[in-house]
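Hi,

Here is the structure I promised to pass on. Have a look at it first, and then read on for what turned up in it.

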Amino acid sequence: MRKFFQEIKADLKFKTAGPGQKLSEPSRVPKEKPKAEAVPKPRQGPTDEAQMAAAAALARMELKPKAKLLSSQDAIKNQVRKELMAEAAASEKRLSVEEEDLASLDQEGAAAPSVSGVYFICPLTGAVVRKDKKEKHIREAIQSYFSVDPVAASIMEIHTFNKDQEKVRVGVETMAKYLDNICLHPEEEKYRKIKLQNKVFQERISCLEGIHRFFQAIGFETKTLPVPGQGKKSKKTTEEHYVLKEEMLTKLEDLKDYKEQLLSSEPVRAQLDRQLCVFKPSPEAARFELPSDFYNLTAEEIKREQRLRTEAVEKASMLRTRAMREKEEQREMRKYNYTLVRVRFPDGYILQGTFYARESVSVLYNFVREALRDDWLPFELLGPGGLKLTDENLAFNECGLVPSALLTLAWDTAVMADIQALGEKQPVSPLKPELLSRVQTLL
């Protein structure tokens with residue numbers, strides 16, 4: 001019977017369409033299965049000490065030149081994992097208040113708030129941290145990295161903590177020219193000295209956070225040198241310079257590697273944690289109580305705006321043109337950075353996740369598909385009023401799905417009819433067993 005079911009399943013692939021894709025007659029061509037990013041889930045991470053110990057080596061691997069042998073990188077990764085596990089086992093296990101909230105979500109059948117905030121995953125430590133603590137956590141992880149690899153740590157500082165990326169680009173390119181001149185003309189002393197009061201240096205480089213630690217890490221030292229051509233009566237007879245240490249002239253290949261790392265590195269960005277939850281069927285599915293993390297406005301500003309809109313809604317609807325209303329709606333949509341989306345299945349179970357307001361709907365389809373036992377089953381997502389979300393390239397805020405939305409999942413009727421005709425017993429829920437094992441009650 002199972003073999004027969006598998007043959008039918010293969011045959012169905014010629015009848016099905018991908019998520020959000022309308023079925024055409026007489027045949028339906030399947031959409032290639034998207035490669036969905038793994039859906040992270042809240043977890044109890046290692047202690048802060050263990051996280052910081054692993055941060056340096058993990059980030060260092062990312063910054064290593066690509067020319068390094070893969071076997072060497074694998075050895076480093078294995079060693080990092082061993083050290084992380086040893087630190088975690090040796091340290092006393094403890095949870096912060098936020099981690100306790102996350103851990104409580106794993107209790108089977110536990111009643112819990114639908115969402116307690118917006119959370120992120122630190123790429124250096126793997127820790128799940130709340131939005132308001134994200135920047136501090138990343139900064140501490142990078143700071144702890146200086147004791148292991150000051151060059152890589154300073155590069156991360158430059159790319160992460162300077163928000164104006166155009167200034168960063170200009171600064172690192174200018175710095176790269178300095179290093180190129182040294183490597184091309186190591187015998188010429190003038191290229192090994194950089195005057196700190198130089199206009200170009202001040203405007204392009206000195207203003208960047210982390211750049212001075214980078215100079216120190218790659219072998220420069222600060223020296224006070226006499227101003228050439230100045231007599232004793234001159235008011236300014238000395239100037240501050242960065243001067244490359246003599247021993248670095250034997251390590252020109254290292255300087256080249258540092259330059260490549262500086263040019264190719266990216267900012268350290270925390271990844272949005274989907275905060276995946278599964279809820280039992282509930283009449284409260286359409287009720288959302290969102291924390292302030294989901295808004296760009298303060299709580300007081302939000303309350304004031306809601307009051308003003310309520311008072312003016314009737315008058316405004318009479319006086320505004322359609323174009324004016326649409327423009328205002330778009331302006332309202334831009335007030336939200338994140339959105340909380342629930343997808344209700346035909347059996348009543350609810351899948352919930354957090355998304356960026358400007359992410360495309362295709363991300364939601366991938367999110368749902370990753371949660372299914374059989375990810376090949378075609379389905380559609382229906383918005384308020386039964387409107388099909390067919391254009392997956394649109395963003396959540398463009399579809400009006402912010403700051404929260406309740407969607408309905410609908411299976412492809414023709415495919416489901418073929419499956420039922422097989423007579424094979426279907427699972428109680430289409431969701432993966434590991435998700436159902438930690439189902440919650442929606443309050």
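What share of the contacts in the protein chain with a separation of 6 or more comes from residues 24 or more positions apart? The figure is 72%, where contact means heavy atoms within 4.5 Å.

A word on how to read all this. Please keep in mind that this is a predicted model, in which local features need pLDDT of at least 70 and side-chain atom pairs count only at pLDDT 80 or more, while totals for chains, interfaces and linings use all residues. Residues are numbered from 1 along each chain as its sequence is written, and side-chain values use heavy atoms, with hydrogens and water left out.

**The overall picture**

The protein chain has 15 helices and 13 strands; these are DSSP runs numbered from the N terminus, with helices being H or I of at least four residues and strands E of at least two. Of its 443 residues, 42% are buried. Buried here means under 20% relative accessible area, exposed means over 50%, and partly exposed is in between, with a 1.4 Å probe and protein chains only. The accessible surface comes to about 25100 Å², and carbon and sulfur atoms hold 51% of that. Those areas come from the Shrake-Rupley method with a 1.4 Å probe, and for residues only the protein chains shown count as cover.

**The cores**

In soluble globular proteins, nonpolar side chains tend to be buried together. The largest nonpolar core in this model has 55 residues, and F345, L364 and V368 have the most contacts inside it. (A nonpolar core is a set of buried Ala, Val, Leu, Ile, Met, Phe, Trp, Tyr and Cys residues joined through side-chain atoms within 4.5 Å.) Elements that each supply at least two residues of this core include α5 (131–145), α6 (150–161), β9 (338–344) and α13 (361–370). The largest share, 5 residues, comes from α13. Domain 1 (121–271) and domain 2 (336–441) both give residues to this core, so it lies between them; the domain bounds come from an automatic or database domain assignment. Apart from this core lies another one of 27 residues, among them I158, I194, I205 and L244.

α13 is worth a look in the viewer. It is mostly covered, with 7 of its 10 residues buried: V361, L364, Y365, N366, F367, V368 and R369. The cover over these buried residues includes β9, β10, β11 and β12. If you click on L364, you'll find that it touches V341, V343, F355, L381, F396 and L407, leaving out residues up to four places away in sequence.

**Rings and charges**

A pair of aromatic rings is described by the distance of the centres and the angle of the planes. Rings of Phe, Tyr and Trp (its six-membered ring) pair if their centres lie within 6.5 Å; planes under 30 degrees apart count as stacked, over 60 as edge-to-face and the rest as tilted. By this rule there are 13 aromatic pairs. One of them is F220 with Y242, edge-to-face at 6.4 Å centre to centre and 70 degrees between the planes. This pair links distant parts of the chain, with F220 in strand β5 (residues 220–226) and Y242 in strand β6 (residues 238–244), 22 residues apart. F220 counts as buried because its relative accessibility is 3%.

Another edge-to-face pair is F294 with Y338, at 6.4 Å and 85 degrees. These two are 44 residues apart, F294 in the loop between β8 (277–279) and α11 (299–319) and Y338 in strand β9.

Most residues other than glycine have a negative phi, and most peptide bonds are trans. Q275 has a positive phi of about 50 degrees although it is not a glycine, and V402 and P403 are joined by a cis peptide bond with omega about -5 degrees. Q275 is in the loop between β7 (271–272) and β8, P403 in the loop between β11 and β12.

Enjoy exploring!
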